[in-house]
Structures are given as C-alpha cells and as structure tokens.
Amino acid sequence: MSALTDVLLPDIGDFADVEVIEVMVNVGAAVDEDDVLLVIESDKASIDVPSPHAGVVTEVAVAVGERISTGSLLVKLSVDAPEQADIEPATGGPSDSSVDPNSPHEPETAATSSSPFPSGTVSSGVAPLSATRTPAASPEDSADFTADVVVLGSGPGGYTAAFRAADLGLNTVLVERHSSLGGVCLNVGCIPSKAYLHTAEVLEDARAIEAHGITFGAPSIDLGKLRGFKEAVVERLTNGLASLAKQRKVRVIQGEGTFTGPNHLRVVRDGEHEVIAFRHAIVAAGSEPTTIPGTPEDPRIIDSTGALELSDIPERMLVIGGGIIGLEMATVYAALGSRITVVELLDTLMPGCDRDLVQPLRTRLDARFEGLFLGTKVTALKAQKRRVKAEFEGESAPASGLYDKVLIAIGRRPNGGTLGLETAGVNVDEQGFVPVDDQQRTNIPHIFAIGDICGQPMLAHKATHEGKVAAEVIAGLKSRFAPLGIPSVAYTDPEVAWVGLTEEEAKAQGIEVDKAVFPWAANGRALGMDRSEGFTKLLFDKAHGRVLGAGIVGRHAGDLISEAALALELGADAEDLGLTIHPHPTLSETINFAAEMVTGSITDLYLPRRKSN
Ligand SMILES: Cc1cc2nc3c(=O)[nH]c(=O)nc-3n(C[C@H](O)[C@H](O)[C@H](O)COP(=O)(O)OP(=O)(O)OC[C@H]3O[C@@H](n4cnc5c(N)ncnc54)[C@H](O)[C@@H]3O)c2cc1C
C-alpha cells in the first residue's frame, strides 16, 4: 500500500528566499531516502536538499530559478506505507522538528543516532547538515573521524582540491596510499621526465654545437648522480606539498582508501584501518599505465615508471607507443646513447595533433632513432636469455627485433574500478572513468571526481583546474569547468604544442577558418639557435575573427603555447595579437607574425597580395 506525502523545504537555518539552482528529479523518478531532490543556493552556500523518504516522485513543485523558503512545497512523493500509522502527512515543514537539522529535539531514529556529523562540525559557508542526510554506515564502520571533504588521491588534482577546500574554510582530509604526496605527476610523471629531458637537451645541444666550431669530448654519464638530481627535484616538490598541507591544516592520511558507502571511506595501512565519515568526497585517484595482454613478467619489459628509474642505459631499446609519453622517454634514452626503435599502431605519431605539426619532429626522429614504424603492431614479446624478442606486423617493420629493454607506453587506464565506488552508488563506465558534469559532480551529488579518473585529456593542468572547481562548488561558490582549450605539449625535441581547435578537427567539423602559418626559418631567434625547423600556426574563426586554435612546433613550443591559450580564453582576434608588441628577438614573435599574416600587415615575410573582388 502506498500513500502520497508532501515534501517541504525544512528549516535550513539562517537561509530564506533561496534560489533553486538544480532540480535532480523528474515525475516518475524513484528516490531513496537521502537522495538529493534539488540544490538551492544562497549568497553563502549551495545546499543539497535530500528526500526524507524513499518513494516515487508524483509531482515536482519547483523549478530552476525559483526562490523558495522554509515550508515551500518541493515534491509530492508516493511512499510505501505498510501501516497507515507510519505515514507522516507532511515532513520537513516549519513546525516539524523531526527534520530540523539544528533542532536539539531530533528523534533518536537508527539513522540519526549514527550520524557522524554533530551540527557543531559544520564549517561556515557550508550547508548545515540535514538530519535525513545521515550516512548509511555499515555496522563495523563506526567512523574514526569526520571531514567536510575527503579527497582520495594526492596528485595534482587531489592536492589542489584539498588545499583550495581548506583555504575556503572546509575541514579537509587528504588520503594517499604512497608515502609522498604529488601523485603520478610529481613522483613518476611530469616532473621526473622533464628533469631527464633537460639532461637530454643539454647533451644534444653539446653535440649539435660542433657544427658551430665547438667540440666537447664524449660525455661521461654518472647514472647514479643523474638519478640523484631527478630524485632531489621530486623530493623538494613533494616535501613542499607536505608543508603546504600542514600550513593549511589539511589532515593527510597515508593508506589505501576504499569507499564503503555514500559517506564513508575506509583507509587501510599495514593491516590497520581507519574509517572517515565525510560530507563531500573528491575522487582524484588518477590512472595507471596500460599493458599489452600476455606480456611476460620480465624486468627488461618496463612501463614509464620503470623507464624513469633509469637503472641502466640499454644498448637497444624498443618503445611501444608513439604517443607523448613514449616519445619523451625515447628522447631521453636516445640522448643518453641507446639505439631506439619506436613502433606505433596508428598511422601517425601523437594522435590528436595535426599531422603537419608532427612532421618536423618526425624528420628529426627519423635521423636520430634506429627505427620508427607507424601502422605497426607488436604481436609477441618473448623474454629470451640475452634479450627480449619482439615480433611485429606492419608494412614497413621488420618481422622481429631483439632488444635490451622494452618500454610499453600505450596509454593509461583510469582507476575508477578499484575504489569501491559502487558502494557509494557512483557510476563508473566500462573503461574505469567516473563521469562528471561541468561542476565535477558525479551522479551522486555530494561526490565529485577530478583529473585522469574523470576523462581525457589526462594532463596535470586539467586535473588542477578541475580540483579547484570541485572544492569551490563544495564551498558554495559558483564555479564550473568550461575551458575553451586545454593545451597539450610533447616535450620532445623539437617540442610540439597545441591548444583549442586543430586544423584537422576544423576540417572534420566543417568549420571555416582563416589559417596562418609562420615559418621559424624567418625568425631571427630561431636561426640564431640553429633551430629553424619549427613553425607557428594560428586558426581564426572566419566569421568573427577570434582565435579558435593554435599549434606550435619548435624549441620551447610548450612555453609559447600559453599566449595562444590566453588569446583563446579572452576571445582575442588577429588584430589583438598583431598589435601586441612582442619583444625582439624572441620565438614569441612568431605568434605576432602569424597574426599579422591574417591581418595583412606582415612585413617579415612577403605574401603576394590577394586579389580583391
Ligand atoms: C611519464 C609521464 C609523464 C607525464 N608528463 C606530463 C606532462 O608533462 N604534463 C602533464 O600535464 N601531464 C603529464 N603526465 C600526466 C599526468 O601525470 C597526469 O595527468 C596527472 O598526474 C593526473 O593527476 P591526477 O590528480 O588525476 O592523478 P594522479 O597524479 O594519478 O594521482 C592519483 C593519486 O591517487 C593515489 N591513489 C590511487 N588510488 C588510491 C587509493 N585507493 N587510495 C589512496 N590513494 C590512491 C595514487 O597513489 C596517486 O598518488 C605524465 C604522465 C606520465 C606517466
């Protein structure tokens, strides 16, 4: 038997006439007790309004943009009513103290008595707890402590989110399984790889300067010292994060975190466990390298983490995967003296990037590497006594080759499937990604996800920006993640960088663009560095003239792309970029000149006049 019940806005404390910013249910939706019905927002905070009962929504009485106050009708619910006496005619009304979160007279129901959140723990600026939002703890999970926000994973996304949340006044806990903070990026990703790429650049420059009449002897490489330098850089940054956490009073818990319900995270370390009860969670657990099924366990077959250990300089090294990570590691090992072969399954290096941008890199790699085979599949890896045998399938590749080391760099897989998220009701897709909206919310409104785990591109700077959005939304700020472009950079030699729309995307989507390509052969600084193989490409919207995208290949392209990213975000056009005075002689002038090619004011190149109609 079921009965209809009105759900009214409970007394939510010091808030009146608040705006409805999100309605989470439709007529016909089945809701559980505590499911969020709608989100309201005052000038101080955004607040989730949960359902006091399980039932089916028969009427939604509010809409986004409407302003409501305590006692406003929100929805009508059809609830199962085994016995008539159990049905409350109207819950959450102003005179109904049973759902007043701040009422000292809360009835001692099973749910409320297990609440880990006495009202005193709620920080200012954050929604006061509703009695009906009590976490559903499993019996053995009596919480050891509570947090406004628990952040799972301390990579660039996680530590940024935790620090921002703490700065916004939230009681924040950061959980990390490793002893050092910083995640993949600081420990086994961006930072160590760039430390080694700097070494590679110096070695290559020392060789290249021979053409200018300066000759150095063959380098003597002390691998221990080189590793030591990399480790010192990593340690400095990760220790810095630990201090920043301390300064902000972010509680850092080391251990493997697993969700055990919608408001509980269990953290296990050395067989001991602690349970954190949280009001909000931010899942920032990142990704792991993918491998090729059937790959034998062998210390000579490594992933990017193994490559960064730099245990030796192999004589011959096979890099499987011509994406950014594979090519960066290949660049390091080639500079140190390894003979490198790269194989890539697709018919282009670094898919996602315009092919013309990759070409100058390709030309240089062809000269530098022993082999570079596109459209090639590795069909078998066999660990032999002296070397690893790789078998290939591809038009131009040999049938097989023998290598001292094999680096598998074929991509990364998100960690969404390993965190017990199902116990919290959070959706995880079949690849392991956790889908989110533009406020980084998962399908469970108080649980957020950021960084590699919530989607492509898997880049540190995407993770940090998403982390800030999640923390700010939890604190009640009106933030969302809506960039016009996320720059990608391959720190190869030359570097390749792009942001916004690519030329290939423009073609595929039928977007008409004005394109300008300024060759670095006409840039004095590039010539002075003897690195004039690069170019700068800008794409402008044909109708409005605004920058839509940019691609740069050449030395320091990764630094140069930021100007294009800013132009894109500001809606700059070619005139803005052309009239901005760039210092001379710099590589940055190539952006200035490319824009002038579109406005027609370029003097550093001769462009035949276009016939005017
Ligand atoms: C070799 C390499 C080079 C790279 N270079 C660049 C680059 O130059 N620029 C760039 O932008 N990106 C680069 N990346 C990618 C970049 O590292 C990632 O995009 C970034 O680290 C993602 O950040 P994140 O916060 O999502 O997660 P991660 O950095 O992956 O951090 C996740 C953290 O969660 C922890 N964790 C996971 N599960 C649990 C659990 N159950 N309990 C407790 N803790 C858990 C992990 O230990 C980890 O510390 C590189 C990656 C690699 C591998």
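Which residue in β23 stands opposite E391? The tour reaches that pair at its second stop.

**Before you start**

The model is predicted: local features need pLDDT of at least 70 and side-chain atom pairs count only at pLDDT 80 or more, while totals for chains, interfaces and linings use all residues. Residues are numbered from 1 along each chain as its sequence is written.

**Stop 1: the whole chain**

Show the chain as a cartoon. It has 14 helices and 31 strands; these are DSSP runs numbered from the N terminus, with helices being H or I of at least four residues and strands E of at least two. Of the 613 residues in the chain, 47% are buried. Buried means that 20 or more other C-beta atoms lie within 10 Å of the residue's own; exposed means 12 or fewer, partly exposed is in between, and C-beta atoms are placed from the backbone. Among contacts with a separation of 6 or more, 65% are between residues 24 or more positions apart. A contact here is a pair of residues whose C-beta atoms, placed from the backbone, lie within 7 Å.

**Stop 2**

Strand β21 (residues 377–383) runs antiparallel to β22, joined to it by six bridges. Two strands pair if DSSP finds at least two bridges between them. The hairpin formed by β21 and β22 has four residues between the strands, and K382 stands opposite K389 in β22.

The hairpin from β22 to β23 passes through six residues. Here is the pair from the opening: S400 in β23 stands opposite E391.

Now colour β22 (residues 388–393) by face. V388, A390 and F392 make up the covered face, while K389, E391 and E393 make up the uncovered one. In a regular strand the side chains alternate between the two faces of the sheet.

**Stop 3**

Select the five strands of the open sheet ordered β17-β24-β18-β19-β20, with parallel pairing. Its edge strands are β17 (301–302) and β20 (371–373), each pairing on one side only. Helix α7 (residues 324–336) packs on this sheet and touches β18 (316–320), β19 (339–343) and β24. The direction of α7 makes about 165° with that of β19; axes are lines fitted to C-alpha atoms, for helices over the stretch in contact, and angles run from 0 to 180 degrees between N-to-C directions.

I301 stands opposite V406 in β24.

Then select α7 alone. Its 13 residues reach 19 Å from first C-alpha to last, close to the expected 18 Å, the expected span being 1.5 Å times one less than the number of residues. Since 13 of the 13 residues of α7 are buried, the helix is largely enclosed by the rest of the structure. G337 follows α7 and has a positive phi, near 125°.

**Stop 4: around the ligand**

Show the ligand and the 36 residues around it, of which G153, G155, G183, G286 and G451 come nearest. A residue is near if its C-beta atom, placed from the backbone, lies within 6 Å. Elements giving two or more residues to this shell include α2 (156–167), α4 (190–208), β13 (256–261) and α9 (460–474). The shell divides into 16 nonpolar, 16 polar and four charged residues. Ala, Val, Leu, Ile, Met, Phe, Trp, Tyr, Cys and Pro count as nonpolar, Asp, Glu, Lys and Arg as charged, and the others, Gly among them, as polar.

**Stop 5: C454**

Select C454, in the loop between β26 (447–449) and α9. Is C454 buried or exposed? It counts as buried because 25 C-beta neighbours lie inside 10 Å. Leaving aside residues up to four places away in sequence, C454 touches F433, V434, V436, Q440, A449 and E466. C454 and S287, 167 residues apart in sequence, are 9.8 Å apart from C-alpha to C-alpha.

**Stop 6**

Finish with E575, in helix α13 (residues 574–579). E575 is partly exposed, because 14 other C-beta atoms lie within 10 Å. Its C-alpha is separated by 9.4 Å from that of R546, 29 residues apart along the chain.

Next, select helix α14 (residues 589–599), which is largely enclosed by the rest of the structure, because 10 of its 11 residues are buried. The cover over its buried residues includes β29 (513–519), β30 (535–541), α12 (557–570) and α13. Just after α14, G600 takes a positive phi of about 90°.

Note on methods
Two residues are in contact if their C-beta atoms, placed from the backbone, lie within 7 Å.
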